[in-house]
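Welcome, and thank you for taking a look at this chain with us.

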Amino acid sequence: MFLLARYLLMPFALIAAILFSMSLHIIGTTLHHQAAWQRTLATVTDVSAYSETRANGLTTDGINVAVSYVANDAPMTWSGKDKDIGLYKAAKGDRIELYYDPADPSSLDTAAMKGWRGGLLLLAVTGGFTIWFFWLRGRKTPPMAPSTVRVAGAGAGPADQQRGTFGRR
């Protein structure tokens, strides 16, 4: 029975392992952008709402945004969808801190921990489940050593020895 339960839990363990690795990738990418990319202040020059309807009928609402900034001592502009740079709320004239890749200044990111509370919760839950499933669950408890305390005196035989937990020797 336990063998069947082990195989039924395997898809959940694999999903937890994948989510755990995805959250590590997101956190690592964010930390890399904060450490290796250059910081700049950008000014929002244009904001317009958009709505997309996908093939499955779901509608996505967002904003098209245009920003101007200085990268490598040269004025730059960027325009696109909000999710491309991690900017979900903006108004014309806002000053926003962005990070850009020094090798490609048109590559922008807010490098903010987007949804970090949920990400940390996801990391903790999936990490805990993954550790339990692959490591802790497979550990065997050490066998109990027989007790050496004798009930009777020096002449007592093995039958008189104190028994261990649940009658085990």
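Two strands pair if DSSP finds at least two bridges between them. Helices (H or I, at least four residues) and strands (E, at least two) are DSSP runs, numbered from the N terminus. With that in hand, here is a bridge to look up: the partner of Tyr69 in E3 is Met76.

A word on the source: this is a predicted model, in which local features need pLDDT of at least 70, side-chain atom pairs count only at pLDDT 80 or more, and totals for chains, interfaces and linings use all residues. Residues are numbered from 1 along each chain as its sequence is written, and side-chain values use heavy atoms, with hydrogens and water left out.

**The chain as a whole**

The protein chain has 3 helices and 5 strands, and from the N terminus on its elements follow the order α-β-β-β-α-β-β-α. Of its 169 residues, 22% count as buried (under 20% relative accessible area, with exposed over 50% and partly exposed in between; 1.4 Å probe, protein chains only).

| Strand pair | Bridges |
|---|---|
| E1 (residues 38-53) and E2 | 10 bridges |
| E2 (residues 59-71) and E3 | 8 bridges |

In the hairpin of E2 and E3, with 2 residues between the strands, Asn72 has a positive phi near 55 degrees. Asn64 has Lys81 as its bridge partner in E3.

Is Asp109 buried or exposed? Asp109 lies in strand E5 (residues 104-109), and it counts as buried because its relative accessibility is 11%. The side chains of Asp109 and His33 are joined by a polar contact of 2.7 Å. Such a contact is a pair of N or O atoms within 3.5 Å; within protein, one must be able to donate a hydrogen and the other to accept it, and residues adjacent in sequence count only if both atoms are side-chain atoms.
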